[in-house]
Amino acid sequence: MLFRSRTSSLPEICGDAAYYFDPAMNDALGQELERLLADSALRVAKADAGLARAGRYTWESAARATLAVYHDALDRAHHRARSAASYG
């Protein structure tokens, strides 16, 4: 189970798989823990959502995304070089 602050960028990564709390509220984390302990269906749903969400982040997908960024950067550099050569 993941408990995350709402003040970071982690909601973008964790989505609906985490429990979020407001760190400025002293009892917010405790309330979320109580909710988790009281609701077994919610625990199962969050656990399933967490496994599904984690499956989206693999080394292969990270490598493919990185490679795509490199290809895009090279394509733009080649385009700029061809444009500069045609003016020169």
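Helices (H or I, at least four residues) and strands (E, at least two) are taken here as DSSP runs, numbered from the N terminus. The structure is a predicted model, in which local features need pLDDT of at least 70 and side-chain atom pairs count only at pLDDT 80 or more, while totals for chains, interfaces and linings use all residues. Residues are numbered from 1 along each chain as its sequence is written, and side-chain values use heavy atoms, with hydrogens and water left out.

Helix 2 spans residues 28–38, and its buried residues are A28, E32 and L36 (buried means under 20% relative accessible area, exposed over 50% and partly exposed in between, with a 1.4 Å probe and protein chains only). Viewed down the axis of helix 2, these buried residues fall within an arc of 75°, so they line one face of the helix; the arc is that of the directions from the helix axis to the C-beta atoms. An α-helix has 3.6 residues a turn, so residues three or four places apart point the same way. On the face of helix 2 turned away from the buried side sit the exposed residues E34, L37 and A38.

What do the buried residues of helix 2 pack against? Their partners are strand 1 (3–5), strand 2 (19–21) and helix 3 (40–54), with contact meaning heavy atoms within 4.5 Å. E32 is buried, with a relative accessible area of 14%. Neighbours within four places in sequence aside, E32 touches F3, Y19, Y20 and F21. L36, also placed in helix 2, counts as buried at 9% relative accessibility.

Helix 2 and helix 3 have axes that come within 5 Å and cross at roughly 100°. Axes are lines fitted to C-alpha atoms, for helices over the stretch in contact, and angles run from 0 to 180 degrees between N-to-C directions. Helix 2 and helix 3 are therefore roughly perpendicular to each other (65 to 115 degrees; under 35 counts as roughly parallel, over 145 as roughly antiparallel and the rest as oblique). The contact involves R35, L36, L37 and A38 from helix 2, together with S40, L42 and R43 from helix 3.

Further along helix 3 comes R53, which counts as buried at 18% relative accessibility. Apart from neighbours within four places in sequence, R53 is in contact with E12, I13, C14, G15 and A17.

R53 and S86 are 33 residues apart in sequence, with 48 Å between their C-alpha atoms. S83, in helix 4 (residues 59–87), is partly exposed, with a relative accessible area of 27%. From S83 to E34 the C-alpha distance is 62 Å, across 49 residues of sequence. L36 and A84, 48 residues apart along the chain, have C-alpha atoms separated by 61 Å.
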